[in-house]
Amino acid sequence: MDLYEYQGKELFRRFGIPSSDGRLATTPEEARAAAEELGGQVVVKAQVLTGGRGKAGGIKLAEGPSEAGAHAEAILGMDIRGHVVRRVWIEKASDIAKEYYLSVTFDRGEKKPLFMFTKEGGIDIEEVAAERPDALARLHIDPLEGFQPYQARRLIYGAGIDDSGEQKQILTIIQRLYEAFVGADSMLCEINPLIVTPDGEVKALDSKFTVDDNALYKHPDIAEMRDLESYPPEERAAREKGVTYVKLDGEVGILGNGAGLVMSTLDVIALAGGKPANFCDLGGGGDAEGVVDALEIISADPQVKSILFNIFGGITRCDEVARGILQALDRIDIDEPIVVRLDGTNAEEGRRLLAEASPENLCVEPTMLDAAKRAVELAA
Ligand code: GDP
Ligand code: MN
């Protein structure tokens, strides 16, 4: 789960990482009042779950409350790369002498958290990594050994920070960022830019914070930060029903068991010349309840012209899935043709059940490729 900048900064505060004082606003009036309270120059910042807000005009400096209100008026409702701005963060403006970049994420290859730090912050870090890799200092943390200050010093020297005041502050920030990363079960903590003010104070001007969805049960306070309105309505409905669903832009509705199988189903649909309408993973089970929920969500998408069920029975038994499909069809009306491919445990029994009931609008194909071809044909 991705957090908004202001939520990430809230976690930064809890872990003792310095940032500027600010307030959240959802209307120009609130923005004006927030600027009044903060006093002096403020920045009005669009809160959207995407980067590059500055370039898109979603970040504006204001001299005082009335200008803050006017900027909020312009920014609220703005579309930034497909994300509509519904909240702005009003923050005390900072004077910036330098912009650095600091992040910690997982290096899956090394199976360790990886810090990246460079003096060339503020801009796209991918650009720095591609064009001036030497400018990007990297440090792996052994998860069992834990964070060691001497390693962080190496990171700081590696990036070429020679001011002792900065070194000291950044060392503390690195340590606390690691605590935040582990403490919040994060997958990414990024500060871009990490600024140095003309007075030599180091603080986080931005935050990008991603928390592992599978660990949210341990952090009810963070789970509560989820903004359901930031998801498309179908994804919201799916989430409420516990179905893993991602909307795509094609016309073949996809339903499979297991993320890997669903991913390869998307590929096979493309191979057959079609375009998938969604990614939908039933997970391990194939009971009627799960099938009904998934079918309801998929068929609610007006772009869907046909539906492909791709089931490989491992622990899941195909006869159970077949019963689930038949019960689901009894309970809801589906207008779109359904193509089913069943293979693996009890596949024959499952196919027999479907053949026996032979519901209208449903056909069974022997292989994944045949099923994909058929579903694409039916969607045309
Ligand atoms: P992003 O564009 O989504 O990454 O948003 P950031 O929060 O990183 O802000 C982008 C840029 O806006 C920063 O790199 C700064 O140059 C500028 N900016 C943001 N806040 C302030 C501020 O308080 N004072 C000044 N002078 N510039 C700011
Ligand atoms: Mn940024």
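1. An oxygen atom of ligand 1 is 3.1 Å from a polar backbone atom of asparagine 192. The protein buries 78% of the 560 Å² that ligand 1 exposes when taken alone (Shrake-Rupley areas, 1.4 Å probe). The model is predicted: local features need pLDDT of at least 70, side-chain atom pairs count only at pLDDT 80 or more, and totals for chains, interfaces and linings use all residues. Residues are numbered from 1 along each chain as its sequence is written, ligands are numbered from 1 in the order written, and side-chain values use heavy atoms, without hydrogens or water.

2. For lysine 45, an N or O atom of the side chain is 2.6 Å from a ligand oxygen. For arginine 53, a polar side-chain atom lies 2.7 Å from an oxygen of ligand 1.

3. The shell around ligand 1 has 15 residues (a heavy atom within 4 Å). Lys45, Arg53, Gly54, Ser94 and Glu99 come nearest. By class, six are nonpolar, five polar and four charged (Gly counts as polar; Asp, Glu, Lys and Arg as charged). Strands β3 (42–46) and β11 (186–196) each give two or more residues (DSSP E runs of at least two residues).

4. The chain is divided into domain 1 (21–92), domain 2 (98–223) and domain 3 (231–379), with bounds from an automatic or database assignment. Ligand 1 lies between domain 1 and domain 2, because both give residues to its shell. The centres of domain 1 and domain 2 are 26 Å apart, taken over C-alpha atoms.

Terms used: A polar contact is a pair of N or O atoms within 3.5 Å; within protein, one must be able to donate a hydrogen and the other to accept it, and residues adjacent in sequence count only if both atoms are side-chain atoms. Helices (H or I, at least four residues) and strands (E, at least two) are DSSP runs, numbered from the N terminus.
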